[in-house]
Amino acid sequence: MASVHESLYFNPMMTNGVVHVNVFGIKDWVTPYKISVLALLYEMTASKITLPERRRLNQLILPLQQGPDLTLGQFLQTVEECCPQTAYAVKLRLHEMADGELKDMEYFFSTLPTPFTAFDSEAYKTSVVGLFMRHMLLAYNKLSFSQVYKLYKSLQHYYHSHYAKPTDGQEGLPALVADDSDMDLTSAEDTVGDRTGKEEMDTPLHVSELRNDNALSRGPLSQKQAEYFLARQAYLLKNDENKALKPAALQEELNNMLKFNPDFAEAHYLNYLNSMRVQDIFLSAHSLLHYFDRLILSGNEGKSNGDEGYGRSLRYAALNLASLHCRFGHYHQADLALQEAIRIAQESNDHVCLQHCLSWLYTLQQMKGSDSTVLTEDSVKMAAHFCLPYLASLGIQSLVQQGATLGKTAHKLMDALKDTDILHWKHSLSELIEISLAQTTSIWRMYGKSTMALQQAQLLLNMSSLEPVNFGVQQNNTEAFTVALCHLAELHAEQGLYFAVSEILQHLKEQFPPHSQHAKLWMLCDLKIQFERHMNEGKYHLAEPLVTAISALNKTEGLFRKAQVLKALNRSTEAYSILKRLQVHCEKTKCTEMVIRGMLATAGLHWESSGFSTALPLLLQALASARQHHLQSLASETILHLAFTQLMLGVPEKALNVLHEAIEPVLAHGAVMEKGRALLLTARCQMAVAGFRPNRKGQADWCLLSPCRFSSGSFGC
């Protein structure tokens, strides 16, 4: 799972998916929206509310306080969904102030509970409500008379624009607030620098994605609003991309944010993450470079670390750039960026960065198809030496993956994964726990142990996450869960449970939309299941168009499926040519499973021309390779092919003896079609042994029932 490493280097400034920002260096304003929130908090402390309604309102407080400003309609609708009675009381309170006089707004502020004395209410000084009320009271008391008057006029406009012109309210309000350039929290004695920053950016955002994803922002965010917006979107992109803003809507918001402050480094980084969602290489690289340029220019790193902060930004910039090129398959550019990061890290003696570089180095070697075992082992040793459990565990998991492809026995791989699991639970590395379970599922599936694979997949899907769940995020949207669900879908398809398969795939489509990062996994799984179903039902005209779609996602799988269709359509010469090309490619990339499947498919082509004796060497070679790599499922399929070949050569006794070796694993872990073929072949062998000769004129009829013809995904032809 090389892609697992990508999550390591997203941002050295991120902790648990939250971007720590100090956006514009500007202060909050006393806005009509904040007065509406204050009215809501007042009604919550003054009126009697049922416990469920109070619980829902309490959950709403922080998003309302920290999020972008809402229009009055959006605000009232949000509150009404939680408690209609409180929403009506807030509406009456705002009506009294907006339709009354200035003294009514003055009276409202004077009647607010004092946070220092309200010991038994939500407005106590150390509570969230109390802190907000203290902030608002201090800000209001510092306003001059002219500022109070302008605040009152803007409150009237905020209220009446909702009822007079609901469609224009979103456009008229920001213009009015932008004109109130002196309505700042600070008094008239502010410094010239503060006034300059205030004049440049004085308009808070009154249109928000909190209620409407299609709404567009009209002005700059305040510091807290920008922090909340970036923290929310960064967390959602990391943990539940489906709940984040759509790529176009998020891009619009970030463009608006950067329009008012082009040097806002974290906005560039979020822009980079957003571009990665849609695989935009140009904008991704552009935003990533801008992020580190702004980070260095702003001096955020250097303030705490001196000159070291500058170098740290440079080497992590090169490391992020290397990971970006790795994701898009630009291996030469990735290697150059990685060498640059290593050079800078060595000059600074940054051992942590060097270990990250080493992890990416062996990952890059794996992507190129080279042997990276030595590099991986060195990485694990050094990561353990420097107490970096995350990198050490990733290295061990990479070694396990390489060991599985090289034919290591299952018990050795499982022992290694068991040791890493102890490390994961010790350090609460939930992401790596999920990866370990998904990897175990894949290994058992590769070895042909479908029952064990099913058990591991269910264990992962029913595991409670160790990560804190914020913003209503479900912790089942990672690559590990996608892999587990795809395995479940394929296992159900092998048993003919297509209704269950459709439900699993529907969940995958909802959880991972087509533009999301891991959507390709379920897309390929869905296409393969459809293809195998059409091939099993003999609907080759429906299976043929799926080959192009499969090839777009995986060229190797696409070539293999194309050979299957051509063979089914009796175009043996074209199928043989493709299989030869596929076998050469897979031998270079060391894809043993596909090599064995290609051999079985080629043997099936020899059957078509009655070349049963010619197929024997291929089948024996495939059986030796399957046993060497402990691929029980492919070994059982190969034995079925051998038994059928021996039956056609007139030695049913030997065929029956060979079948006894494969029948038990097939019945225990095989698909429904495999079980049917194995039992039918056993019956034919027993009939031949009892004196019934196979009808050589009906060889084509038997081939229709052979594993080669009706492959179900785990078969090789």
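Which helix holds the place of T420? T420 sits in α20, a helix that covers residues 410–427; helices here are DSSP runs of H or I with at least four residues, strands are runs of E with at least two, and both are numbered from the N terminus. The model is a predicted one, so local features need pLDDT of at least 70 and side-chain atom pairs count only at pLDDT 80 or more, while totals for chains, interfaces and linings use all residues. Residues are numbered from 1 along each chain as its sequence is written, and side-chain values use heavy atoms, with hydrogens and water left out.

T420 itself is buried, at a relative accessible area of 0% (buried means under 20%, exposed over 50%, and partly exposed in between, using a 1.4 Å probe and protein chains only). Leaving out residues up to four places away in sequence, T420 touches S393, I396 and S436, where a contact means heavy atoms within 4.5 Å.

Zooming out, the protein chain has 34 helices and two strands. Of its 717 residues, 54% are buried. Among contacts with a separation of 6 or more, 68% come from residues 24 or more positions apart.

Next, the core. In soluble globular proteins, nonpolar side chains tend to be buried together. A nonpolar core is taken here as a set of buried Ala, Val, Leu, Ile, Met, Phe, Trp, Tyr and Cys residues joined through side-chain atoms within 4.5 Å. The largest nonpolar core has 48 residues, and the members touching the most others are I443, Y447, I596, L631, L647, L681 and C685. Helix α31 (residues 632–648) is the top contributor to this core, giving nine residues. Domain 2 (223–458) and domain 3 (538–709) both supply residues, so the core lies between them; the domain bounds come from an automatic or database domain assignment.

I596 is worth a separate look. Setting aside neighbours within four places in sequence, I596 is in contact with A622, S625, A626, L631, L634 and T638. I596 is also one of the α29 residues that meet α31: E593, I596, R597, L600 and W607 on the α29 side face L634, E637, T638, H641, F644 and T645 on the α31 side. Helix α29 (residues 592–608) packs against α31 at about 15 degrees, with the axes 11 Å apart. Axes are lines fitted to C-alpha atoms, for helices over the stretch in contact, and angles run from 0 to 180 degrees between N-to-C directions. The two helices are therefore roughly parallel (under 35 degrees; over 145 is roughly antiparallel, 65 to 115 roughly perpendicular, and the rest oblique). Their crossing is left-handed, meaning that the near helix is turned anticlockwise from the far one by less than a right angle; clockwise would be right-handed.

A contrasting pair is α11 (residues 247–260) and α12 (residues 265–277), whose axes come within 10 Å and cross at roughly 160 degrees. That makes α11 roughly antiparallel to α12. This crossing is left-handed too. Here P247, L250, Q251, L254, M257 and L258 of α11 meet A267, H268, L270, N271, N274 and R277 of α12.

Two further residues round out the picture. S610, in the loop between α29 and α30 (612–628), is partly exposed at 44% relative accessible area. S610 and M648 are 38 residues apart in sequence and 8.9 Å apart in space, C-alpha to C-alpha. R677, by contrast, lies in helix α33 (residues 672–689) and counts as buried at 5% relative accessibility. From R677 to L640 the C-alpha to C-alpha distance is 8.6 Å, across 37 residues of sequence.
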